[in-house]
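Please open the model in a viewer and follow the stops below in order.

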Amino acid sequence: MTYNNQKLSLLDWVVLVGFASYYVLPSVSAKVGILQIIFISIVYILISTQFKVSKEVVRYFAIFVIIGLLYALLVDAADISSAASTLFLKKFYSKFYQLFMMFFPLYLLNIVRLRATNRQKNILIIMSFLLILYVEMTTRTALEINANVTRSWGNYSDELRSLNIGHYGFVYSIPVVIALMLIAFFKCRSVLIKLTIVALIVTQMSFLLIAQYTLAVFAAIIGMLLLLMIHYSGSKKIVIMCLVMICLLPLVPSLIKLAADAVPSESMSIRLYEVYSLFMTGDGSGYNLSGRMELYGKSIIAFLRSPIWGNRSLDFYGHATFLVIPAMLGLLGAIPFYYAYFHSYKRTKESLGENGQQFMPIFAVLLFVGFTNPIDAALPLMFVTWFLAPLVIEQLSGGNSYAEWRLENETVEN
């Protein structure tokens, strides 16, 4: 595709605003069916490229089709729901939809980078953060009434969706939002703005604690620590690493216990005490942590039992997308699946030029969440990771990295 100094068209605006709402607002995603959203996406790709689709888009599409077919052929999933008439098509469309929607934000990002002015990009960034803030506010209100509302994603009712109450996919997007705030903290020079960002980070961390997502809290901490390592260099990095090793690590159990004593949610307190026990005695037993570890182990064993074809049926739910896919589909499905993720990371990182390192903690958060939780349908997480994060990093760095990277690639190809 070649666009020179174009502005976003009315169609582009409608699609970008519509998909941002679809990914973030549960009330919008609930109103659009699987086949409808796939059809809209494909039609937009064809129109926006003037029916000259790039090889990379075709490659991704082929990967999604292959994994969808493997899922339909190799996996028993009689309880799956979809708009298709036969079980085979139901399984295919459900998996194809999940994969397609995981990576479609990359295409939207490409459109924005190629066509939008800096002002338009900033408008899209602000709009996206406002949508996230709105869902967080509605979810906080619901949590005050029902402390477990965000954890009921298995029984996520139409009523919860209509009220725009976020579920696990939204909660797990917040660690990425926190990482982006820390990047903004390092980039800005105003003390007032820095203090505002710190306050916002504290607010986001409190939301994760209120929502009772222990691993989301750790995901946020991982992202922030990695950003600190990247931001500081030379002797400063050595000093920080020493401080972390000497001071912070020994304090981790005490901080976890302090949080467990202070958090208002009994359920969250129990989870934190399980982690505290794991640090202090190596004992991770408990209704949550030990259960997770057992499921992760079962997924690995299932993969080793049938590493090529996977297992047609599993008598457990692995609770971790990056482990369940190999267990279900073997190497036949795992190789293209992992290729899509790591190729996307590589391309995104390279396109950010010298600022590409800042995307590494974002991807690390995604990997951590994917290895500990099911993220197949975590639409807000995918939107924030593949669309919002690269766009924010690029804009905070001056907005020229993608244009320079694209020029270099075109020069090499020619």
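How many helices and strands are there in the protein chain? The chain holds 18 helices and zero strands; these elements are DSSP runs, numbered from the N terminus, with helices being H or I of at least four residues and strands E of at least two.

The model is predicted, so local features need pLDDT of at least 70 and side-chain atom pairs count only at pLDDT 80 or more, while totals for chains, interfaces and linings use all residues. Residues are numbered from 1 along each chain as its sequence is written, and side-chain values use heavy atoms, with hydrogens and water left out.

**Whole chain.** Of the 414 residues, 51% count as buried (under 20% relative accessible area; exposed is over 50%, partly exposed in between; 1.4 Å probe, protein chains only).

**Loop between helix 3 and helix 4.** Select Phe51, which sits in the loop between helix 3 (34–48) and helix 4 (55–74). Phe51 is exposed, at 62% relative accessibility. Its phi is near 65°, a positive value in a residue other than glycine.

**Loop between helix 14 and helix 15.** Next, select Trp309, in the loop that runs between helix 14 (289–305) and helix 15 (321–351). Is Trp309 buried or exposed? Trp309 has a relative accessible area of 55% and is therefore exposed.

Move on to His319, which also lies in the loop between helix 14 and helix 15. His319 is not a glycine, yet has a positive phi of about 65°. With a relative accessible area of 18%, His319 is buried.
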